[in-house]
Amino acid sequence: MENRLKEEAGKLLKEGKVDYIVGYGKGTVNLRTSPLITNKEEDLEGLVINPFIANNLSRYPVELKGRVGIVVKGCDSRSLTSLMQDKKVKREDLIIFGIPCEGVVDLKKLAGQIGAEIDRVTDAEKEGENLTLQVDGSKKTIPFRDVIFDKCYGCEHPTPLEYDVLLGSEVTPNLDIEKSLEKIKALDDMDTPERWDYWKEQFSKCIRCYGCRNVCPACFCERCFVDVNMPQWVATYATWQDNLTFQLIRTLHVAGRCSDCGECERACPVGIPLRSLQRKMVEEVKDLFGHEVGIDKDAPPVFSHYEATDPDEFMK
Amino acid sequence: MGYKKIKKDQLKTLFNELSKDCSLFVPSGSKGYVGFDPWDGNSADFTEWYGNTTIPPKALFFPPVEAMLRFRKGEAGYEIEELLPNGRPQIVFGVRPCDARALKITDILFSDTYRDPYYLKRRENATIVGLACNEPCDTCFCTSLDISPGESQDVDLLCTDIGDELLMEAVSDKGEDLLSKMSGLSDASGEEESKAKQLGESAKEKITRQIDTSGLLDKMRSSFENREYWEDVSRKCMSCGICTYVCPTCHCFDICDENNKKDGKRVRNWDSCKFPLFTRMPMENPRHEKWRRIRQRYHHKFEYFQMNFEAIACTGCGRCIRECPVNVDVTEIIGGIQAL
């Protein structure tokens, strides 16, 4: 897969069909990968495809000027399609390399599983159903599906829906919806005051670094409402009330655009379980509007048009 | 006073005692990330799992949010009430050598021409108990910045984990004073002292990540106009504030007034040069493009701070590398500048 990607990406740059290639390169921290964005053919040798390609890269073409060759997993491709629906990127400006994805390793889970910091793991490879690791110099094998992100258990489209080149053969969904929604279910089961206290505690940690917003492909406002200061909607400084307000409004803004890529939660340095909010909203949008994000690039975005059949219970 | 030691299973008793007369902060992971939290009487086992905190100890002295003053509209104009820290003594236990150095670096800034009473009052009231690193993280590069994982002159008291016990050595008068107040200590042997030194040496060898600071000031200066370089290295940056907020030396802040009809408060909060809106409130952000903002961050740390205060504002703690969602790596960026 990697070689084919390097070859095809190289051709695109050489023939001037794209201005940039956006893919994954080896990270500088054990096991991690890092976005590789380049207009130089010689950099393409660094492209990698492995079970650690966590980033959703679909945000980059919005920012980059010109035509882009981009690597996407299933969830990322749906973000990209959603951006097309919102006219943030044009399909004709993209050459999409699709990666059929069996799940991406959650490094926090992995650390928990091996009972050691990720720093101690020097090598990891997926072999069939297992992940083989080198921990402190000795070999360790763990089931791959024990350490993938929660979102991956609920992934109905592991093979990108929109692509020009598919790298590898299609992957059939391997669903465990219950596991994917475990944390959300636990929140649903709480009574309201308990749930309120939970989120109050979580948002007391927020330092307003805006990591969640800035990695989110659905957060594409030129000026986010929290950055508007005449008038000021929320305080610039972190208080749990305003942190929560910020995140709830963000959740509503990305409703119908969020593909459950989970980048918000992965980025959060203080460990706020943000996916629990976002994924809940994905469910709501599906229940109320029958809308699934990023399926049809020619369909209008769910919240920028009206259907006579749209639910209006709240107005009664 | 020579080296002392305490059994690790006695730490809980020690902490309970110390926290009677002062605010004691220790590394804790109870909130879902590692930070310095007030001692809660529960678990003192951080020596077993703790690499470093996500949020640096700077947050205890320069908090993310603090009210500076309160104002009220009275008969004869505005009444102003300054809200200084309460002056209660603090002990911060388990500060890593890189973070202790970082506090010395921010001390320079906050005690310059403008002496910041909020920061300085907390610093004066605090005793820093260091904890040497036996197992540095993969992201550490403190040795490139003249810091040793196993020793520190920047703390008041330094602990080294020698197995079942913590070895303690007073570094300052404050440390000496604290050590004399601690109960449950015994004298350490010469052997134990040399064991601590060995652990420090072997920790040093474990650190492989590095930056080259020789001639860096000139290199930084000449890199300033190299737009292509800065555009290349900043392309993947998401313009969030994580690197600046987890940085132990980043110190930029914003001040805003929260106004009700008759009263209000003035609040200071962390701000980040990575945000497009940085400095927009007083006038304008001169750094519209992302690459200019990235350039600013590294130039501030490795050039301007050095020009102003003869110190590099980086201690190689590696938090920015570890926490960045897209793996922007300061050692790569500085390496790239050295190679230009």
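Which backbone oxygen does the side chain of Asn134(B) reach? Select Asn134(B): its side chain reaches the backbone oxygen of Asp161(B) at 2.8 Å. Before going further, please note that this is a predicted model, in which local features need pLDDT of at least 70, side-chain atom pairs count only at pLDDT 80 or more, and totals for chains, interfaces and linings use all residues. Residues are numbered from 1 along each chain as its sequence is written, chains are lettered from A and ligands numbered from 1 in the order in which they are written, and side-chain values use heavy atoms, with hydrogens and water left out.

**Around Asn134(B)**

Asn134(B) sits in the loop between β7 (126-131) and β8 (157-161) of chain B. Helices (H or I, at least four residues) and strands (E, at least two) are DSSP runs, numbered from the N terminus. Asn134(B) is buried, with a relative accessible area of 18%; buried means under 20% relative accessible area, exposed over 50%, and partly exposed in between (1.4 Å probe, protein chains only). Apart from neighbours within four places in sequence, Asn134(B) is in contact (heavy atoms within 4.5 Å) with Thr160(B), Asp161(B), Leu199(B), Ala203(B) and Lys206(B).

**Lys73(A)**

Is Lys73(A) buried or exposed? At 1% relative accessibility, Lys73(A) counts as buried. The side chain of Lys73(A) reaches the backbone oxygen of Ile53(A) at 2.9 Å. Leaving aside neighbours within four places in sequence, the residues in contact with Lys73(A) include Tyr24(A), Asn55(A), Cys101(A) and Pro160(A).

**The cysteines**

A disulfide is a covalent bond between the sulfur atoms of two cysteines; here the term is applied to a pair of cysteine sulfur atoms within 2.5 Å. A search of the whole structure finds zero disulfides over all chains. Select Cys152(A), which is in no disulfide: the nearest cysteine sulfur, that of Cys101(A), is 5.8 Å away. Cys152(A) is buried, with a relative accessible area of 12%. Next, select Cys264(A), whose sulfur is 6.5 Å from the closest cysteine sulfur, in Cys258(A), too far for a bond. Cys264(A) also counts as buried, at 8% relative accessibility.

**Salt bridges within the chains**

How many salt bridges are there over all chains? The count comes to 53, where a salt bridge is a side-chain nitrogen of Lys or Arg within 4 Å of a carboxyl oxygen of Asp or Glu.

Select Lys109(A) and Asp150(A), which form a salt bridge with the closest N and O atoms 2.7 Å apart. Lys109(A) lies in helix α4 (residues 107-114) and Asp150(A) in helix α5 (residues 150-153) of chain A, so the pair ties together parts that are 41 residues apart in sequence. Lys109(A) is partly exposed, at 21%, whereas Asp150(A) is buried, at 17%.

In chain B, select Lys4(B) and Asp187(B), whose side chains meet in a salt bridge (2.5 Å, N to O). Lys4(B) belongs to strand β1 (residues 4-7) and Asp187(B) to strand β10 (residues 186-187), so this pair ties together parts that are 183 residues apart in sequence. Asp187(B) is exposed, with a relative accessible area of 56%.

**Where the chains meet**

Display both chains: 41 residues of chain B are in contact with 38 residues of chain A. The two chains bury about 3,300 Å² between them, 52% of it on carbon and sulfur atoms; buried area is the accessible area (1.4 Å probe) that two parts lose on being put together, summed over both. The rule finds four salt bridges across this interface. To see a salt bridge between Glu117(A) and Arg322(B), select both residues; their closest N and O atoms are 3.7 Å apart. On the side of chain B that touches chain A, the elements that each supply at least two residues include α8 (227-234), β12 (263-270) and α11 (319-323).

Most residues other than glycine have a negative phi. Select Glu310(B), which has a positive phi of about 55° although it is not a glycine. Glu310(B) is exposed, with a relative accessible area of 74%. Finish at Asn327(B), where phi is near 60°, a positive value in a residue other than glycine. Asn327(B) is buried, with a relative accessible area of 0%.

Terms used
A polar contact is a pair of N or O atoms within 3.5 Å; within protein, one must be able to donate a hydrogen and the other to accept it, and residues adjacent in sequence count only if both atoms are side-chain atoms.
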